[in-house]
Amino acid sequence: EFSFYLKTLLREIQNKGEYFETVCQNLLEALVLTLLEEKETAVIHTNKKITKECRFVEQYIDEHFMEDITLQTLSDLTYLNKYYLVHAFKNYKGVSPINYLINRRLVEAKHLLATTNYPISKIAASIGFSSQSYFSQVFRKETGMSPNAYRQNEELQKDTGQS
């Protein structure tokens, strides 16, 4: 299609017929519209691919949150540049992949704190935090209380709920 417009345009310029300027103007407009349609189609295909990759990252994090996951790991798995991946994932989920990972770990931590008597250090290690102190720091920042205080609060709510 592009070739047709370009060849016709070239032929009109060489022949310089009576209305060649108007014909050339129309051919250029048709060529520009065709290019815009192609670009739009390419963007749609790219967006579908990126959404697919972001869904994969989300699922991977959900299934492997207890493992050591880095941005480089996710980049290697998706074959996307890590900075582009952060941008795309943030558009997809509203948070960066690493913040999504931390939030996923905290959901599991809250569940374990509320339903088990595991030591805080065991919970931190089992959900992928490198140390208990880092886990406690992140947990406090997110919830406004320490993991121990959260556990005590959950136990208190169970006791009051059963009374």
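User: In which helix is L35 found, and is this residue buried or exposed, or something in between?

Analyst: L35 is found in helix 2, which covers residues 20-64, where helices (H or I, at least four residues) and strands (E, at least two) are DSSP runs numbered from the N terminus. Because its relative accessibility is 44%, L35 counts as partly exposed; buried means under 20% relative accessible area, exposed over 50%, and partly exposed in between (1.4 Å probe, protein chains only). The model is a predicted one, in which local features need pLDDT of at least 70 and side-chain atom pairs count only at pLDDT 80 or more, while totals for chains, interfaces and linings use all residues. Residues are numbered from 1 along each chain as its sequence is written, and side-chain values use heavy atoms, with hydrogens and water left out.

User: Which residues have a positive phi although they are not glycines, and where do they lie?

Analyst: One of them is K16, with a positive phi of about 45°, and K16 lies in the loop between helix 1 (2-15) and helix 2. K16 is exposed, since its relative accessible area is 56%. Another is Y79, whose phi is about 60°, and Y79 lies in the loop between helix 3 (71-78) and helix 4 (82-93). At a relative accessibility of 75%, Y79 likewise counts as exposed.

User: Which residues of helix 3 meet which residues of helix 4?

Analyst: Contact means heavy atoms within 4.5 Å. On the side of helix 3 the residues are L71, Q72, L74, S75 and T78, and in helix 4 they meet K82, L85 and V86. Take S75 as a case: this residue of helix 3 is buried, because its relative accessible area is 8%. If residues up to four places away in sequence are not counted, S75 touches L80, N81, K82 and L85.

User: What does P147 contact, leaving aside its neighbours within four places in sequence?

Analyst: P147 is in contact with L113, I120, F135, S136 and F139 once those neighbours are left aside. P147 has its place in helix 8, residues 147-162, and counts as buried because its relative accessibility is 3%.

User: How many salt bridges does a search of the whole structure find?

Analyst: A salt bridge is a side-chain nitrogen of Lys or Arg within 4 Å of a carboxyl oxygen of Asp or Glu, and the search finds three. In one of these, the side chains of E58 and K93 meet at 2.9 Å, N to O, a pair that links distant parts of the chain, as E58 is in helix 2 and K93 in helix 4, 35 residues apart. E58 is buried at 17% relative accessible area, whereas K93, at 34%, counts as partly exposed.
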